[in-house]
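Here is a brief report on one protein model.

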Amino acid sequence: MKFIIAVIKPFKLDEVREALSGIGVAGMTVTEVKGFGRQKGQTEIYRGAEYSTNMLPKVKLEIATTDAIAPQVVETIQQVASTEAIGDGKIFVLDLASATRIRTGETGDTAL
């Protein structure tokens with residue numbers, strides 16, 4: 001099993017969710033986060049005053065999936081979330097040692 005963490009631009013969330021549902025991803029956890037990378041922030045105007053922020057709003061997706069479809073999940077996120085501009089985000093893939101469905105006690109791939 002794999003645990004995929006993707007940090008993407010917020011406006012891309014619905015497109016990514018629909019694309020992942022289309023390839024068989026049964027669920028994911030979504031968290032609104034803030035962060036920065038090479039983009040280093042942005043300048044905004046609030047009530048007529050200009051200010052600089054170094055923490056940009058992003059969305060973090062956490063997806064537990066089988067080894068079989070993990071590469072397809074990564075490829076789908078990369079293609080759909082891309083705007084070909086700086087700040088599109090990152091995708092991390094980790095090995096997932098175990099998973100247990102609380103309601104039934106199922107473990108491993110069947111718990112996903």
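This is a predicted model. Start with K9, which sits in the loop between β1 and α1 (13–22). Is K9 buried or exposed? K9 counts as buried because its relative accessibility is 14%, and the cut-off for buried is under 20%. Setting aside residues up to four places away in sequence, K9 touches K58, T83, A85, I86, G87 and D88.

**Strands**

Strand β5 (residues 56–65) pairs with strand β1 (residues 2–8). Strand β5 also pairs with strand β2 (residues 29–35). The table gives both pairings.

| Strand pair | Direction | Bridges | Facing residues |
|---|---|---|---|
| β1 and β5 | antiparallel | 7 bridges | I4 and I63 |

I4 belongs to strand β1. Its relative accessibility is 0%, so I4 counts as buried. Which residues does I4 contact, beyond its neighbours within four places in sequence? They are L61, E62, I63, T65, A70, V73, V74, I77, I91, F92 and V93. I4 and L96 are 92 residues apart in sequence. In space, their C-alpha atoms are 9.2 Å apart.

**Helices**

Helix α1 meets helix α2 (residues 70–81), and their axes come within 9 Å. The axes cross at roughly 150°. The crossing is right-handed. On the α1 side, the contact uses E15, V16, A19 and L20. On the α2 side, it uses V73, T76, I77, V80 and A81. By type, the residues of this contact are 7 nonpolar, 1 polar and 1 charged.

Leaving out residues up to four places away in sequence, L20 touches V25, M28, I63, V73, T76 and I77.

**Core**

The largest nonpolar core holds 15 residues. Those with the most contacts inside this core are I8, V16, L20, L61, I63, V73 and I77. Which elements give two or more residues to the core? They are β1, α1, β5 and α2. The largest share, 5 residues, comes from α2.

Conventions
Residues numbered from 1 in each chain as written. Predicted model: local features only at pLDDT ≥ 70, side-chain atom pairs only at ≥ 80, totals over all residues. Heavy atoms only, no water. Pairing = 2+ DSSP bridges. Helix = DSSP H or I, 4+ residues; strand = E, 2+ residues; numbered from the N terminus. Buried < 20%, exposed > 50% of the residue type's maximum accessible area, 1.4 Å probe, protein only. Contact = heavy atoms within 4.5 Å. Axes fitted to C-alpha atoms, helices over the stretch in contact; angles between N-to-C directions. Left-handed = near helix turned anticlockwise from the far one by under 90°. Nonpolar A, V, L, I, M, F, W, Y, C, P; charged D, E, K, R; others polar. Core = buried A, V, L, I, M, F, W, Y, C linked by side-chain atoms within 4.5 Å.
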